[in-house]
Amino acid sequence: MPEILTNKDNFLKFGFCVVRNLFDDEEIEKYRREINEICKKKGTRNATDLYNYRNIWDYLINDRLLSILRNLLGANIYYLHDMSIVNSNLTKPNIYSWHRDNPCRITGKGPDWDKNEPYNVVSTITYLTPNKDTGSGISVIPFSH
């Protein structure tokens with residue numbers, strides 16, 4: 001059962017939440033195996049088009065995750081399939097990438113920068129390999145999203 005490490009008020013205030021145990025061990029192994037196979041077939045460590053693989057759809061559109069998002073944002077959830085999978089078996093550990101999630105992609109422009117509007121863009125990140133094995137993790141700057 002997923003463990004949400006924040007409530008809606010904290011999510012809206014700080015701009016992030018952590019969900020532990022979204023997937024059970026069997027699901028994690030299944031998704032890791034499927035993603036590894038896709039990456040091998042494509043000859044790449046990054047898969048940016050997993051939505052084209054029907055056998056991984058239950059990972060991409062997970063009912064438990066969507067329920068959590070609906071609780072945080074409301075009933076209307078729009079899925080944008082701009083995604084990237086980094087296969088940790090094929091990458092160097094400790095590669096960092098900082099970014100800000102915003103739909104307009106122009107700093108200071110668009111509705112997501114309007115302080116009178118609630119920021120309602122959510123990026124989800126799932127780790128299928130323990131950070132002790134990859135040497136990586138996530139760092140979030142509170143209030144930055």
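Trainee: How is the relative accessibility of K30 to be read, and in which class does K30 count?

Mentor: The general idea is a scale of relative accessible area: buried lies under 20%, exposed over 50%, and partly exposed in between, with a 1.4 Å probe and protein chains only. K30 has 28% relative accessibility and therefore counts as partly exposed. Please note that this is a predicted model, in which local features need pLDDT of at least 70 and side-chain atom pairs count only at pLDDT 80 or more, while totals for chains, interfaces and linings use all residues. Residues are numbered from 1 along each chain as its sequence is written, and side-chain values use heavy atoms, with hydrogens and water left out.

Trainee: With which side chain does K30 meet in a salt bridge?

Mentor: A salt bridge requires a side-chain nitrogen of Lys or Arg within 4 Å of a carboxyl oxygen of Asp or Glu. Here the partner of K30 is D58, at 3.0 Å from N to O. This pair joins distant parts of the chain, since K30 belongs to helix α2 and D58 to helix α3 (residues 57-60), 28 residues apart. D58 is partly exposed as well, because its relative accessibility is 36%.

Trainee: How many salt bridges does a search of the whole structure find?

Mentor: The search returns two. Besides the pair of K30 and D58, E27 forms a salt bridge with R64, and their closest N and O atoms are 2.7 Å apart. Distant parts of the chain are again linked: E27 sits in helix α2 (residues 25-42) and R64 in helix α4 (residues 63-73), 37 residues apart. E27 is classed as buried because its relative accessible area is 17%, whereas R64, at 32%, is partly exposed.

Trainee: How many aromatic pairs does the structure hold?

Mentor: An aromatic pair is described by the distance of the ring centres and the angle of the planes. Rings of Phe, Tyr and Trp (its six-membered ring) pair if their centres lie within 6.5 Å; planes under 30 degrees apart are stacked, over 60 edge-to-face, and the rest tilted. The structure holds three such pairs. One of them is F23 with Y31, edge-to-face, at 5.2 Å centre to centre and 75° between the planes. F23 and Y59 have centres 5.6 Å apart and planes at 35°, so this pair is tilted. F23 lies in the loop between β2 (19-20) and α2, and Y59 in helix α3, 36 residues apart.

Trainee: Are F23 and Y59 buried or exposed?

Mentor: F23 counts as buried because its relative accessibility is 9%, and Y59 is likewise buried at 9%. Y31 is buried too. Ring pairs join F23, Y31 and Y59 into a cluster.

Trainee: How many disulfides does a search of the whole structure find?

Mentor: A disulfide is a pair of cysteine sulfur atoms within 2.5 Å, and the search finds zero. As for individual cysteines, C17 is partly exposed because its relative accessible area is 25%, whereas C39 is buried because the value is 1%.

Trainee: Which pattern does the protein follow along the sequence?

Mentor: Helices (H or I, at least four residues) and strands (E, at least two) are DSSP runs numbered from the N terminus. The protein has five helices and four strands, in the pattern β-α-β-α-β-α-α-β-α. Of its 145 residues, 23% count as buried.
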